[in-house]
Amino acid sequence: MFDFVLDPAYRLVEALSQVTGAGLAIVLVALAVRLSLLPLSVRVARAQRIRTRLAPQVDRLRTRWKNDPQRLLREVNALHAKEGVGRFTGYLPAFAQSPFFMVTYRLFTAAVIAGHPNLLLAQSVLGVPLGEHLAAAVAGAGLAGPPVLVFAGLLALLVAVAVVAARRVEPTAPMRRLQLLAPFWTVALAAFLPLAAGVYLLVSSAWTTTERAVLHPRAA
């Protein structure tokens, strides 16, 4: 299933890894994916600025229609639609990136792709196979083994990126506690995913944090 996508993706990453090495190939692929999604992120930033500008009008609508939630929802949606802001605009980058992450995951977990052996699984970063999991590394080499240290370094970098992202959450942000915790989901995922997927997550998370700092600057 999905071989029509997996096969060309496999051939691209495999060919690139022959030139740059497997780890750098994943980094370059992740950067290419995020760069291709940059227009969506710019659109989200624009929508957020519009929502901020419209906030006083939304507050007036809430006061006027506080006893009629359905009418309030229609009025707010109409106001946003008039300005070209969709209800789900903020989720566009995450939705668009999901298929890319799923393909990357399959590339480094499937033993066979389009009928041929997956040679990417034999490649490694710092001596750790890209298809390796943390649990398998611990079982095979112990807590102090070199593979576990590679995973520990990856998780530490993910935690650092998550801390930076959490610190940028505004004190008045809606559902602030959830927003503070959200960046750390990548750490939990990387603890269970193959090393290749963890590397992809690290690059993507660092891009997201940097992108938000540029496109959503905090008020002075």
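The paragraphs below follow the salt bridges of this predicted model through its helices. Local features are reported where pLDDT is at least 70, side-chain atom pairs count only at pLDDT 80 or more, and totals for chains, interfaces and linings use all residues. Residues are numbered from 1 along each chain as its sequence is written, and side-chain values use heavy atoms, with hydrogens and water left out.

Side chains of opposite charge can pair when their charged atoms come close. A search of the whole structure finds 4 salt bridges, each defined by a side-chain nitrogen of Lys or Arg within 4 Å of a carboxyl oxygen of Asp or Glu.

One of them joins Asp7 to Arg11, with an N to O distance of 3.2 Å. These two residues stand 4 apart in helix H1 (residues 3-20), and are therefore separated by about one helical turn; helices here are DSSP runs of H or I with at least four residues, numbered from the N terminus. Asp7 counts as buried at 18% relative accessibility, where buried means under 20% relative accessible area, exposed over 50%, and partly exposed in between, using a 1.4 Å probe and protein chains only.

Arg34 forms a salt bridge with Glu211, their closest N and O atoms lying 3.6 Å apart. Because Arg34 belongs to helix H2 (residues 22-36) and Glu211 to helix H10 (residues 195-215), this pair ties together parts that are 177 residues apart in sequence. Arg34 is buried at 4% relative accessibility, and Glu211 is buried at 11%.

In helix H4 (residues 69-82), Arg71 and Glu75 are 4 residues apart, about one helical turn, and their side chains meet in a salt bridge at 2.7 Å, N to O. Arg71 is partly exposed at 27% relative accessibility, and Glu75 is partly exposed at 24%.
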